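Hello,

Here is the structure I promised to pass on. My notes come after it.

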Amino acid sequence: MSDKNRKYEAVFCVINAGFSDTVMFAARKAGATGGTILKGRGTTSTEAETMFNITIQPEKEVLIILVPAEIKDDVLKAIYNSAGLESESHGIAFSVPVAATAGLKDFNPQPEINEEK
């Protein structure tokens, strides 16, 4: 299947800073080939910080992982199992369909066959 006809999903994962390797390791085990890490800051109400006398670490990382649609569920499950809300990374993950792509090489390239006559 060519890239032109292949359906992709963008998997987004928001985690506490420092856990991107955990997420990428899990995603790769599920078939993802790589991702992009963005640094960010979370927001919270100041009432939650003072009311419960807790320190909230606002530094976050957002991973964007483009995957073929057929492995999206496997990637999301792997991320949830390794970095979900119950883990130290407090991760959330979701996916969105990708309408079009440009500049991608096929994730599963077929070997080129040269027939000489």
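Below are the notes on the sheet, the helices and the aromatic rings.

This is a predicted model, in which local features need pLDDT of at least 70, side-chain atom pairs count only at pLDDT 80 or more, and totals for chains, interfaces and linings use all residues. Residues are numbered from 1 along each chain as its sequence is written, and side-chain values use heavy atoms, with hydrogens and water left out.

The sheet first. Four strands (E, DSSP runs of at least two residues) form an open sheet in the order E2-E3-E1-E4, with antiparallel pairing. Pairing takes at least two DSSP bridges between two strands. E2 (36–41) and E4 are the edge strands; each has a single partner strand, so one side of each lacks a neighbour in the sheet. From one strand to the next, the twist averages 25 degrees. E2 and E3 (residues 59–68) run antiparallel and are joined by six bridges. Ile37 has Leu63 in E3 as its bridge partner.

Next, the helices (H or I, at least four residues). H1 (residues 20–29) packs on the sheet and touches E1, E2 and E3. Its direction makes about 15 degrees with that of E3. Contact means heavy atoms within 4.5 Å. Angles run from 0 to 180 degrees between N-to-C directions, with axes fitted to C-alpha atoms, for helices over the stretch in contact.

Last, the rings. There is one aromatic pair (ring centres within 6.5 Å). The Phe12 and Phe94 centres are 5.3 Å apart and the planes are at 5 degrees, so the pair is stacked (planes under 30 degrees apart). Phe12 is in E1 (residues 8–16) and Phe94 in E4 (residues 92–98), 82 residues apart.

Best wishes

Terms used. Phe/Tyr/Trp six-rings, centres within 6.5 Å; stacked < 30°, edge-to-face > 60°.
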